[in-house]
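Hello,

Here is the structure for your files. My notes on the contact between the chains follow below it.

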Amino acid sequence: MKREIINLKPKTQKTMKSKTTSKRIFSRMSIAFAIAMLMFVGTMSAQRIKGSDTCLPLSQKLAEQWAKTHKKSNISVTGGGSGVGISALLTGTTDIAQASRKIKFSEKEKLSNKGKQAKEVIIAYDALSVIVHPSNKVSKLTREQLEGIFTGKITNWKEVGGQDLKIVAYSRETSSGTYEFFKESVLLNKNYKTGILSMPSTGAVIQSVVQTKGAIAYVGLAYLNQKVKSLSVSYDKGKSYIVPSVQNAKNKTYPIVRPLYYYYIAKQEQAVKPFIDYVLSAEGQKTVSKLGFISIK
Amino acid sequence: MLAKRCNKLRERIVERIFSVSGAITTIAIVLIVVFLFREGFGLFGSSTIENGYSLFVNAKNDISSLSPTDTKRIFDGEITDWRDVGGKAGEIKVFRFDEIFNLYSEDAFGDNYALLPDKLAEVIDNNPTIIAFLPDKYAPKPSSVVKRLTDRRITAADFVLGTQWLPTATPSPLYGMLPLILGTLLVSLFAVILALPLGLGVAVYLSELSDNRIRRIMKPAVELLAGIPSVVYGFFGLAVLVPLVQRTFALPVGETAFSAGIVLAIMALPTIISVAEDALRSISPAMREASLALGATKWQTIYRVVIPCAKSGLLAAIVLGIGRAVGETMAVLMVSGNAAVMPHSLFESVRTIPATIAAELGEAPSDGTHYQALFMLGCILFIFTSIVSIAAEIITKKHHTSKEL
């Protein structure tokens, strides 16, 4: 199979394109599919973006629009998680690693051991909002209260000014970058309580919050809808509560905001520059806002 | 003559192909099992602290080693005084490696971070009650001011008897699989209890009692159920069953072992029904006719003749049904809530072994203890299903020998 791909270059280009279209359709399909794609992509000379699932829809949309004006170049986008993307950068199986967290010190070390240097670009911001069931009377919480709820010290809504109802805290699975970021920013690196309900996807989290009265959970701002209620959050012990919105995230008053990064190898800057420039351009950033993320300007 | 020889040759080739494919399958199975256990057993003997990291304290501190649970509670802020873990009184100051970059600018560490260990030693020296979680590569050398806590090793007892599953806790992950194994057993047992009588009942009805027309509609319909992807069952469970369970029993959460058990029972039904029905139908009509001719009623024929004759097939149906319930992943992942707590009742969230493996393997680094722990869970699941099928084998054998006597 592999040898065929190398020998029949013109043909593979064609298959590659059809793969890209099918990828659009199955944008969130299983990892198995992603791996199959990867094996395919591994033998190609086109640009490859890999990493965070949070960045996945954004990178896909951007690559799609880029492909419209640059018929010759192919960009393939795959998910797998921020860590997966960065380790692919290390092994050279991707050109750009997309990440929803900053590169770790240990990862930077591994790269420099291989004589590589990673360059970092912030392409957008993503805000996390805390959501509850719409019937919940509580509309604002401090960071300390959130920490208490998610680490299991606060178990009833009446302790934070609500009705007498058991708190049901939902979280994402451990493989999610969102899980890590919430733990870092809100719980200050403490562990979630044992027995927190963990859901495999953001969609499942929202579904559960909609049908559970005492529920509380966190989702990306882009996923907010009418069926759930989002809470204002205070990071200054209750002096000011900030509503999660694109505007508040942009003017940096809303605290639970994280940057989304692209990492690439400094030596390969020439190859990836045109696409990254496009992402950072006004047109690219318009797509960023359209998808519910926060543009960098 | 030539045609005959050709035929012989062809036969020999076909025979060879069959035996080779048999050998390949056997080898593949053995290799998978060996791989599973080799990866899994790497867990025991690994350090309880994250790979490549160690814990350090000030040399004046009496503590020389900490249990994983104590370490976790210290870093979670639940234990705040050294007195609580057997040391001298003093408020514990938790220090994570990344904090050093807030204390000093990047330039202070020199080329290739050559000065980093010295700076870390300085921090530890200045704080007598500190506990620092540092990578070995940049750790200060143990000296008159810095003391490295001795690691402990993960033991089989930690794994089997531990009640906390916190695989991503830093600095020391906790791999207690007891809640997971109990969760798996609870959910699958409940599913099997629901599915077996129902499934066998439907099979008997379809093969013995229903007329041909109903059977012709129902059998494909049941088999169609088996073709629905499990994620669809999962979503059905989450959107329909979970709120229903929650309202009916007035529970705070609908994602419970009860809901998961029902979904699993529905999923195991088609397997049980079609295998059991095939087994019942394979009994020759002569047996039934003989029984009826002797004056037995229809029910007596079913109960005393058909079912005993089809026993091994029925057992196969049961084993396959249990296997389906135990190994099912996606649907359970969506409806069980995945809370790794010791289950006390059916109306609580549970986390099962397959769901844990599916949810966590993607992000577990392949040389770490988390990865090995997930493989160990796979081994447990494998042992569990082997026990079920071996038990079934023994039961059928017993049945056959008693018949011969």
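A:Glu173 and B:Arg351 form a salt bridge, with their closest N and O atoms 3.0 Å apart. The model is a predicted one, and between chain A and chain B the count is one salt bridge. Polar contacts across this interface come to eleven residue pairs, both residues being at pLDDT 80 or more.

Sorted by class, the side of chain A that touches chain B holds 16 polar, twelve nonpolar and six charged residues.

As for extent, 34 residues of chain A are in contact with 39 residues of chain B. The two chains bury about 2800 Å² between them, and carbon and sulfur atoms give 52% of that area. Of the area that chain A buries against chain B, 22% is supplied by A:Phe105, A:Asn191 and A:Gln211, more than by any other three residues.

Last, the cysteines. The number of disulfides over all chains is zero. A:Cys55 has 0% relative accessibility and therefore counts as buried, the cut-off being under 20%. B:Cys309 has a relative accessible area of 30%, so this residue is partly exposed, since that class lies between the 20% limit for buried and the 50% limit for exposed.

Regards

Technical notes:
Residues are numbered from 1 along each chain as its sequence is written. Chains are lettered from A and ligands numbered from 1 in the order in which they are written. This is a predicted model: local features need pLDDT of at least 70, side-chain atom pairs count only at pLDDT 80 or more; totals for chains, interfaces and linings use all residues. Side-chain values use heavy atoms; hydrogens and water are left out. Contact means heavy atoms within 4.5 Å. Buried area is the accessible area (1.4 Å probe) that two parts lose on being put together, summed over both. A salt bridge is a side-chain nitrogen of Lys or Arg within 4 Å of a carboxyl oxygen of Asp or Glu. A polar contact is a pair of N or O atoms within 3.5 Å; within protein, one must be able to donate a hydrogen and the other to accept it, and residues adjacent in sequence count only if both atoms are side-chain atoms. Ala, Val, Leu, Ile, Met, Phe, Trp, Tyr, Cys and Pro count as nonpolar, Asp, Glu, Lys and Arg as charged, and the others, Gly among them, as polar. A disulfide is a pair of cysteine sulfur atoms within 2.5 Å. Buried means under 20% relative accessible area, exposed over 50%, partly exposed in between (1.4 Å probe, protein chains only).
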